[in-house]
Protein chains: 2
Amino acid sequence: MQKENTGAGASAGEAAKKETIESAEILTVGTEMLLGDLVDTNTAWISARLAALGVGIYRHVTVGDNRERIVAALREATSRADLVITTGGLGPTSDDLTNECLALATGREMVEYPEAREHVDEMFRRFGRKPTSSNYKQVLFPEGSRLIPNPLGTAMGALLELDGALVATFPGVPTEMKGMFEETLEPLVKERTEGAIVSRTLWFTGIGESALAEKVQDLLDASDPTVAPLAGQGRVRLRVTTRAATPEEAEGKIGPVADEILARLGDYYFGTDSETIESAVGDLLKQRNATLALAESCTGGLLAKRLTDAAGASAYFREGFVTYSNESKERLLGVPHETLVESGAVSEPVAKAMAAGARKISGADYALSVTGIAGPDGGTEEKPVGLVYVGLSDANGTVAERLDLSAWRRSREAIRERSANRAFDLLRHRLLDGGGA
Amino acid sequence: MQKENTGAGASAGEAAKKETIESAEILTVGTEMLLGDLVDTNTAWISARLAALGVGIYRHVTVGDNRERIVAALREATSRADLVITTGGLGPTSDDLTNECLALATGREMVEYPEAREHVDEMFRRFGRKPTSSNYKQVLFPEGSRLIPNPLGTAMGALLELDGALVATFPGVPTEMKGMFEETLEPLVKERTEGAIVSRTLWFTGIGESALAEKVQDLLDASDPTVAPLAGQGRVRLRVTTRAATPEEAEGKIGPVADEILARLGDYYFGTDSETIESAVGDLLKQRNATLALAESCTGGLLAKRLTDAAGASAYFREGFVTYSNESKERLLGVPHETLVESGAVSEPVAKAMAAGARKISGADYALSVTGIAGPDGGTEEKPVGLVYVGLSDANGTVAERLDLSAWRRSREAIRERSANRAFDLLRHRLLDGGGA
């Protein structure tokens, strides 16, 4: 316990050294990142949280499990930023070096923290497993550190001053890092920032990035709020950002700009911030007390998966059919055998029959269908990879839309995602037009 | 055309300056990354491709759309590495600065490349749209650059020597970057590397990282081949890596180590390299000419989506049912009403009835089912968020397994992914045991 007090005391004292935190850098540690074994999602998550607190992030750096390079990267980052957050390298194996390198960079000893030993023992008790000797590597921290509790794993983090910058080490496991960040670091950073960066993201579909940018070029050139475009997967977003002391002040600056953007681009707008095309569809269905059924071929469950990524879909999602074979399309959805033979599975009549069948069998108000060639194989001269039909059935009847992504030679994943986006957007427009209600 | 020749000539000449490429750094440009708006997947992809070519990658850096910082990052990277690859900042908007900064860093002029202008015009013709004035920003490159063709988009890349290092700029759109990398840069790097880094990744499930590491600690401590562990989503992988001049030499070094690992950990092994639990299941089903049906509740189509992520699933995937409501479970899968009332939707009997029903209706040899509470809401005292039942039905009967992830307080996504992993692994073991064949 004595160590803990020393640690907490030391860190509290040193933390006072720097009054406000204005800039941060994020250091990812792990050879698996440099080898491309793993995509680093932690850095984006941490960046978004810090940006929301008004902390400017100027650099992300990734280095491997190498003492010299980790120490060098820690020194460079602390020389530039007020706050340096590391993820990774806190595990029990011999190539987990982050806390040891933090000790080297600060010229401190690695000492055992009794609270950490108790935590490791407690975690293993909780899951009924025996700690191995290597697990106790996780009870050593640079002397004077304040520890960051980890309710979900054995790896606690360290909080320590280095060259007047605050360094915080987190494990690489996202669920563990996120909980630790929210419970320990976020409150500490909040106390040491002035105002906050507030931003609103407006989402659009059915228009290209440069065409969209031209319509709002004057706003893109403005400095407060800033407006920045970003495109991908058939969607474009505009992020409106400003710094403000209060939410009211932020709304006063962002609101009018957002209104102006929607006045010019409202036809293409589908959502704000974390809203997706499927969540927009979900909200519209909820408002209308309407239900949806899905019939998927080439997307193979992707629409259903996306519709249920968010909780609460049970309010409007009846059921989904993944009919990957013609036989399934006939038996489960009642697609006529002759239609499949005459037009082929990837055709407008089959897309319509799938949607109509799913709606009839489920009793849902609306049904969406997707049938296409996602590739990489299975394409022909007149039905190339990237040819997709999306169908929509409601009380007014059934329609289908042809979607040709072949010219872009896209990946199977991109073709499936874009097909899903188009299908959801087809229903979104129908719901907005009040059709089938 | 003259520019093109000059450019090609210059770059060819300068390229000769540096004989071999041994080290690389990747520079990502984009404020959206620093704000956490976007997860950078390009860097991992490029890193994996370079590692396979035997190029050592020592650092990933991300900076925003800021002239000074991009120029500084370019100079730092080129002072350390033989090859510097940038992604992002090649778009038509005013905050796309990468090529301009490359010119600043090399003290060169930005000049128009006729081949680039022709390309921009051609791309717009191809998609029947009119270029806007801002699109022609994409025809300017640092003088002396060799251009990297982009068959999928308007943004061509630049290839240029800087301080004896080779710099290559790519757009941030993954599909465009990947095609350009494979067609232009990869062959060039291949010519300038000696031997290659060859690695094999072995995947395990049902054992923790530290327990697994203890069983192969002697191999983890060895230096050639190196063996490195990596854990996540209920799976652990061991990556065996060596440098070799020929595939035969690599196999001679990696083969025996991999065999030794499998001799010790074979019970937990499910695949190699890009194999997933679902692809392992798919291969086993194919070998046995067997078919599979899916009945999903809380995973809402995730199993079907994952099973069809790879092409060719139609050979063994019959159909999938996403029965999100009790009514759907009764009507589509024949789950008895009283079972749902007595045991509740999240229960062993319902998981069994779903699997048995899906198998009967589809006529498939095997059926998997998942029903659980993915959260964040809907948990109760005796049925907490994270409680999941997975069912398996085959010719020998129907079983269900209880999976309790509640202690870990995981995210909805993690609970869904782990439930899918467990369900696929249940079938994998059944197939290996020759059950239900």
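**Terms and values**

Tutor: Sorted by class, the lining of the second largest cavity has five nonpolar, no polar and five charged residues. Keep in mind that this is a predicted model.

Student: What makes a residue in that lining charged or nonpolar?

Tutor: Asp, Glu, Lys and Arg count as charged, while Ala, Val, Leu and Ile are among those that count as nonpolar. The lining consists of Glu25(A), Ile26(A), Leu27(A), Arg59(A), Val61(A), Ala73(A), Glu76(A), Ala77(A), Arg80(A) and Arg59(B).

Student: Which element supplies the largest share of the lining of the second largest cavity?

Tutor: α4(A) does, with four residues. β1 (23–29), β2 and α4 (67–80) of chain A each supply at least two. The space in this cavity is about 40 Å³.

Student: Why is such a space called a cavity?

Tutor: The name applies because a 1.4 Å probe fits there but cannot get out. By this rule, three cavities of 30 Å³ or more are counted.

Student: What is the volume of the largest cavity, and which residues lie nearest its centre?

Tutor: Its volume is about 260 Å³. The lining has 20 residues, and those nearest the centre are Asp40(A), Thr62(A), Asp40(B), Thr43(B) and Thr62(B). By class, the lining of the largest cavity has ten nonpolar, eight polar and two charged residues.

Student: Which elements each supply at least two residues of the lining of the largest cavity?

Tutor: In chain A they are α3 (42–52) and β2 (56–63); in chain B they are β1 (23–29), α3 (42–52) and β2 (56–63). The largest share, three residues, comes from β2(B).

Student: Where does α7(B) bend?

Tutor: The bend is at Phe181(B) and amounts to about 45°. That value is the angle between axes fitted to the seven residues ending there and the seven starting there. Phe181(B) is also one of the buried residues of α7(B), among them Met177(B), Met180(B) and Leu185(B).

Student: Why is Asp273(A) called partly exposed?

Tutor: Buried means under 20% relative accessible area and exposed over 50%, with partly exposed in between. Asp273(A) has 38%, so the term is partly exposed. Asp273(B) has 37%, so the term applies there as well.

Student: What is the phi of Asp273(A)?

Tutor: Phi of Asp273(A) is near 55°, a positive value in a residue other than glycine. Asp273(B) also has a positive phi, about 55°. Most residues other than glycine have a negative phi. Asp273(A) is in the loop between β12 (269–272) and α11 (277–287) of chain A.

Student: Which peptide bond ending at Pro225(A) is cis, and where does Pro225(A) lie?

Tutor: The bond from Asp224(A) to Pro225(A) is cis, with omega near -5°. Pro225(A) lies in the loop between α9 (217–221) and β10 (226–232) of chain A. In chain B, the bond from Gly375(B) to Pro376(B) is cis, with omega near 5°. Most peptide bonds are trans.

Note on methods
Residues numbered from 1 in each chain as written. Chains lettered and ligands numbered in written order. Predicted model: local features only at pLDDT ≥ 70, side-chain atom pairs only at ≥ 80, totals over all residues. Heavy atoms only, no water. Buried < 20%, exposed > 50% of the residue type's maximum accessible area, 1.4 Å probe, protein only. 1 Å grid on protein atoms, 1.4 Å probe; cavity = no way out; pocket = protein on both sides within 12 Å on 5 of 7 lines; lining within 4 Å. Points joined across faces, edges and corners; volume = space filled by probe spheres on them.
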